[in-house]
Amino acid sequence: MAVTAVREKPSAIHTSLEAIVEVKGICKSYGNVEALRDINLDFPRGKLTSLLGPSGCGKTTLLKIIAGLIGASAGSVTVDGKRVSGPGPERAFVFQDFALMPWATVLRNVAFGLELRGTGKAERDEIARRYIAQVGLSGFEDKYPHELSGGMRQRVGLARALSVDAEVLLLDEPFSAVDEQNRRKFQEDLIRLRSAQNKTFIFVTHSIEEAVYISDRIVLLSPRPGRVSQVIEPDIDRSGDPDRIHRDKHYLDTVEEIWQGLKQYVE
Amino acid sequence: MTLFGYRIPMMASLLVWCVAWEIVGRLDLVFLLPPFSDVLAAAFQLVQSPSWQDATVTTLRAFTIGIALAIALGIPLGILMGRIKIADDLLGMWVNIFASAPLSALVPVLMILFGFGERTIIAAVFLFAVWIIVLDTRAGVRHVSPSLIEMARSYGATKPALYAKIILWAALPEILAGIRLGLIRGVKGVVIGQLLVAIVGYGALFETFSRNFRMAEFWALTIILFAFAMLIAELIERIEGKVEYYAGARQ
Amino acid sequence: MATNIRAESEATHLALPVSSDTAGRLRDRPIILRLVSIALFAGIWEIAGRIPVSFAFPTFSDTIAAFFGLIADGSMPTAYLSTLQPLVLGILLSAFLGVGIGIVCGLSRTGEWLLIPVFIVLQAAPVAAFIPLVTFVYGIGMTAKTIAVMILALPVIVLNTYKAVRNVNESLLVMCRSFLGTRWQTITRIVLPDASPVIFAGLRLGVAAGFVGVVLAELLITPTGIGDLITFHRSRADYAEMYATIASIIALSTLTLVFLQWIEVRVFRPEKRGT
């Protein structure tokens, strides 16, 4: 396990990298139900951090608190030193159910964030076309969401988040409604995309393989109430053929190790 | 159905409207609108009058018979259309047309076919109520899960048993929804029929009250009728609530 | 009063499965089956008329002949001219007013609290009882007929619009918020487009109710238009003419509803095209 750095004490994390998102003492309760308890996390700039855990661990809740879509019961989130009180232009969200407007074409869906900001039509269409090409959907600009497969729809969702040029991308189980083959292709594309983008990704998933495959850091959350149980930095070389990663020994070891840790929470 | 958790306060606004009605009535702004309290008083007296009681008996009888016929014919027809494609193909178009057509135009036909009496009213109730029952039953039968039917077959269910023990029950939530809508439409049918025939039941009373400008009684009768329509819908909804778990379990 | 909220669901209930069925079926069914179905209907009518089941039951062929007779002598076109004016006016007024009230009630809690119960009552109750009264107040002219159309059409339109606005896709609202949409942007770019199919379905139901209203007004008191044509031929025992008139108004109402569905698919929801 020499290559996998495991830190047992999450509260004492100090990364050498500069943190862009800082989560301090976040608690969240719904009535009597405690969803999150005292979450303290730093998300380093330019890295992809996954929030991983079994259902009920509050990972999506934490992501939505960072997005400013729901309020925390206690604690604070800062992005670039500024305290989060609602959605902001420096963060963009990718939704689990895609959240595409069925009455709008791919182009308009991708340009929607810019449209809301008042960017002129010619400019926003040009930007949108660029990102549609980057996610591999060139030629589909004038299609409607119902004409696309699940994987393609989520590419639209990703292009929309990229087009507003936010520094932090928040992805809420983006591949859970995408079928297995497309998911794998999409994961490969995501690895390629982020090496070109230099953005910070925060990625919620319940798939151990997915988290290990794409993440620089993995935050393991334990359920009821949601707490940080471990932070793992898989040391996997992603520069070569993406298919090789699945056979990489470090990859397999890390997956196994996380599974051993999570097993106790699965009934 | 609970809507956004505040069902009761929402309907409470009707009280506000009653108060507004009372004020407008007292100010004598609109000649046709007596104060709400007068209407309530009139309703009280009306309920005790033999003419109202007779009219109610006539109306209820016609309504009940019409609805019973609509249910007795509508459900089998709906099941037939839900299960047999050719029946659906041939009848579907007409059922859909009649479900949304201005059926009030057909009441004159009923009047010459069935005479100026109770039979016309029964026919009107039937005609207003039956189509929606057919459509909802058909939809319910269509939505029965095929694996449920295959299950029954694989355990050796006979055709009658399949219909009596599986299809009818699995389609029950939709059938009841259809009956509820049929009842609401049936109330409209009985009123429209009686208004057009004008010598039977509530129609005769409405005719008398509005012709003689006895407005308090006119409004009293209207309120009683509205309350009756609401009460019926409420009753059937209680029953629906009891089978709701089917609908939930089927998803 | 649990009923009342439930009664409101009638609006969408009818709107979605039933009416979309109406036109959906009329459109999607292979044309031959539809013709067979029509032929079957006409055949049964013809046979029933020849037996005859009643002295007041003309054959299908007599009714068709009477229909062309009524068109030729100009009495049916004149009657329709008088019926369609208040119908169109009443439906246009109900559409603007109803969609407006529905949107306000869907967006504002106060509007919802104050107005929705009234429309729920009007939707479930037999408002036809008001039509004689309306005719007493406004006479037998255009105004009374227009109001008759409106009291029947307005509740359906209001309740469908309200329900559509209240039930807008939650995840699109969150999406719009996360991309910093203002309240106005949320309403114009998410709420209204998302609600438009159900609103339009409500308009279709409103049109159906409007037909009922205008026919009822004409049958009850106002001696003009299609209702008068029906009553007149009944009094003269011209049963074929009477049936022809009734069939024509039912056919017109059905064709109007199918046409509205066609418009909806073509114009309002381009993403439905070709599916």
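These exercises with worked solutions cover a predicted model.

Residues are numbered from 1 along each chain as its sequence is written, chains are lettered from A and ligands numbered from 1 in the order in which they are written. Local features need pLDDT of at least 70 and side-chain atom pairs count only at pLDDT 80 or more, while totals for chains, interfaces and linings use all residues.

**Exercise 1. Chain contacts**

Task: find which chains share the most contacts, and describe the side of chain A that touches chain C.

Solution. 
- Take the contact rule: C-beta atoms, placed from the backbone, lie within 7 Å.
- Chain A and chain B do not touch. Their nearest C-alpha atoms are 16 Å apart.
- Turn to A and C. Here 18 residues of chain A are in contact with 14 residues of chain C.
- Helix α2 (residues 106-116) of chain A gives the most to the chain A side, with 3 residues.
- By class, that side has 14 nonpolar, 2 polar and 2 charged residues. Ala, Val, Leu, Ile, Met, Phe, Trp, Tyr, Cys and Pro count as nonpolar; Asp, Glu, Lys and Arg as charged; the others, Gly among them, as polar.

**Exercise 2. The sheet of chain A**

Solution. 
- Elements are DSSP runs numbered from the N terminus: helices are H or I of at least four residues, strands E of at least two. Two strands pair if DSSP finds at least two bridges between them.
- A:K24 has A:S76 of β5(A) as its bridge partner.
- Is A:Y30 buried or exposed? A:Y30 counts as exposed, because it has 10 C-beta neighbours inside 10 Å. The cut-offs are 20 or more other C-beta atoms within 10 Å for buried, 12 or fewer for exposed, and partly exposed in between.

**Exercise 3. A helix pair in chain B**

Solution. 
- Axes are lines fitted to C-alpha atoms, for helices over the stretch in contact; angles run from 0 to 180 degrees between N-to-C directions.
- The axes of α4 (residues 50-83) and α11 (residues 201-211) of chain B come within 7 Å and cross at roughly 140°.
- The contact includes B:W52 and B:T59 of α4(B), and B:Y202 and B:L205 of α11(B).
- The contact has 5 nonpolar, 4 polar and no charged residues.

**Exercise 4. Chain C**

Task: state the helix and strand counts of chain C.

Solution. 
- Chain C has 11 helices and 0 strands.
- Of its 275 residues, 50% count as buried.
- Among contacts between residues at least 6 apart in sequence, 78% join residues at least 24 apart.

Key: Contact = placed C-beta atoms within 7 Å.
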